[in-house]
Amino acid sequence: MLSFVIRRLAVAIPTLLILVVLSFILMYAAPGGPFNSERPLPPEVLANIEAKYGLDQPFWKQIVNYVVGVVTQFDFGPSFQYKDRSVNDVIAQGFPVTLTYGFWSFVVAVTVGVSLGVAAAIKQNSWLDYLAVGASIGAQVLPNFVMAPILLLIFTLWLGWLPGGGWNGGQWQFLIMPVIALSTSYMASIARITRSSMLEVLNTNFIRTARAKGLPMRRVIWRHAMKPAMLPVLSYLGPAFVGMITGSVIIDVFFSTGGIGQFFVNSAFNRDYSVIMGITILVGTLTILFNLVVDILYAWIDPKIRY
């Protein structure tokens, strides 16, 4: 197992380094500069600002300084839009918000999705199965950019039960709609994968043998079927977890949560390339990290699997 983890780390680290370099090159090649505006600055002022942020240096020196700063200190440099603040400060402000509603979205999606999928598989071709499959299909065709305005219309404008946006320290009233909007499509996918995988496992010989011995169905499910049935679900949960804890631009904008998605959109409009790069690298790092964790869990659950 140790050699497997070392081999996976040996692949993950260069991948992360390539991500940092590519992010810088793409932002450097983007048209326009962070200080270009409708009213051009005097050349002397523009030269002073660029010197302050190191933008007057040769390309090779800029990219070396940036990569060294990110790799050695996880320092994404200063923000071009937010005065006297670094990209790390911006991420530190927005990421806890995104992480909070993303974590609860993950909990809701996994709990409801797995329960729904297992119940549908056990009661195959019953009304419960048809209801679960129908609900999963219905939820999957409602992405978060559709769910968000529907929730706002029903719970804020028609019923007046929930605030239409904001964060207010993460009180539950402000969490409900972002969590529902973000978790719905993931929950549907988890339910569908769980049902399919569980049905496949329930039709295997070792499950038939366990049932022929007279073991209670609950024990057959929990002791024998759940572990192999969860392998495909586990593969999906790695990127799904990253997708949820890094939030959604749609969720942040619709509900004005103040998460990193909102900073990302504002930075794109204002050409704040350092913030865009910082958030991109953060999401990429989390994706690589959790894919690594999933691979290790996969190998731990089924030792026959080695990549």
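A charge sits over a ring if NZ of Lys or CZ of Arg is within 6 Å of the ring centre and within 35 degrees of the ring normal. The exercises below concern a predicted model, in which local features need pLDDT of at least 70, side-chain atom pairs count only at pLDDT 80 or more, and totals for chains, interfaces and linings use all residues. Residues are numbered from 1 along each chain as its sequence is written, and side-chain values use heavy atoms, with hydrogens and water left out.

**Exercise 1.** Determine which ring the charged end of R85 sits over.

*Solution.* The ring is that of Y82, and the charged end of R85 lies 5.7 Å from its centre.

**Exercise 2.** Classify the ring pair of F24 and F59.

*Solution.* Step 1: rings of Phe, Tyr and Trp (its six-membered ring) pair if their centres lie within 6.5 Å; planes under 30 degrees apart are stacked, over 60 edge-to-face, and the rest tilted. Step 2: the centres of F24 and F59 are 6.0 Å apart and the planes stand at 45 degrees, so the pair is tilted.

**Exercise 3.** Assign F24 and F59 to an accessibility class.

*Solution.* Step 1: buried means under 20% relative accessible area, exposed over 50%, and partly exposed in between (1.4 Å probe, protein chains only). Step 2: F24, at 7%, is buried. Step 3: F59, at 32%, is partly exposed.

**Exercise 4.** Classify the ring pair of F103 and W104.

*Solution.* Step 1: the centres lie 5.3 Å apart with planes at 70 degrees, so this pair is edge-to-face. Step 2: F103 is partly exposed at 39% relative accessibility, and W104 is partly exposed at 42%.
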